[in-house]
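Dear colleague,

Please find the structure below, followed by an account of what was found in it.

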Amino acid sequence: MSNQKVVGPMGIVDVNNFSNRQGIEDYDLPSRGLCYKDAQGNLLFPDGKIQISPMTVAEEKMLASNAAGDGSKKLAGLIDRTCDLKGMFAKDLLIQDVHALLYAIRSASYGNVYPFEYECPECSHKAKHALNLDEHPVTYAPDGFQDMVEIE
């Protein structure tokens, strides 16, 4: 990642230095971090936790911008900025961890309750609903789990 800075609610944040971010919290990876290793074979996340932080205003603007590229690149960039990936990038993560991290970032940024409105395509009736993200269980990898796909 380049030496990029973003402006957040607390001022300028250097995205290369995760420790400068506000509201850092631990999150348990669904993979338990069992398939992420450094060059020596040591687990990057030995306790299965990754540190995440809420989005900044600049990151919210990046997601909303039409100029920032396609949606998957925006979401990967968001994970790269808001998670301490220990030198990896979102593209290096298992898809289960990517999805879980997006929900965790959303919860850290806005809270666990996700309100939305639904319109019936048949009758146009509108209904409001809210999901509590804490009420949806995460399935964690079993002991001994390994990433079964290796690409050289």
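The crossing of helix 1 and helix 2 is right-handed (the near helix is turned clockwise from the far one by less than a right angle; helices are DSSP runs of H or I with at least four residues, and strands are runs of E with at least two, numbered from the N terminus). This is a predicted model, in which local features need pLDDT of at least 70 and side-chain atom pairs count only at pLDDT 80 or more, while totals for chains, interfaces and linings use all residues. Residues are numbered from 1 along each chain as its sequence is written, and side-chain values use heavy atoms, with hydrogens and water left out.

The axes of helix 1 (residues 57–64) and helix 2 (residues 71–82) come within 9 Å and cross at roughly 165 degrees (axes are lines fitted to C-alpha atoms over the stretch in contact, and angles run from 0 to 180 degrees between N-to-C directions). Helix 1 is therefore roughly antiparallel to helix 2, a term for angles over 145 degrees.

Gly 33 lies in the loop between strand 3 (25–28) and strand 4. Gly 33 is buried, with a relative accessible area of 0% (buried means under 20%, with a 1.4 Å probe and protein chains only). Leaving aside neighbours within four places in sequence, Gly 33 is in contact (heavy atoms within 4.5 Å) with Leu 43, Phe 45 and Gly 48. With neighbours set aside in the same way, Cys 83 contacts Phe 18, Ile 50, Gln 51, Ile 52, Leu 101 and Ile 105.

Yours sincerely

Methods:
Parallel < 35°, antiparallel > 145°, perpendicular 65-115°, else oblique. Buried < 20%, exposed > 50% of the residue type's maximum accessible area, 1.4 Å probe, protein only.
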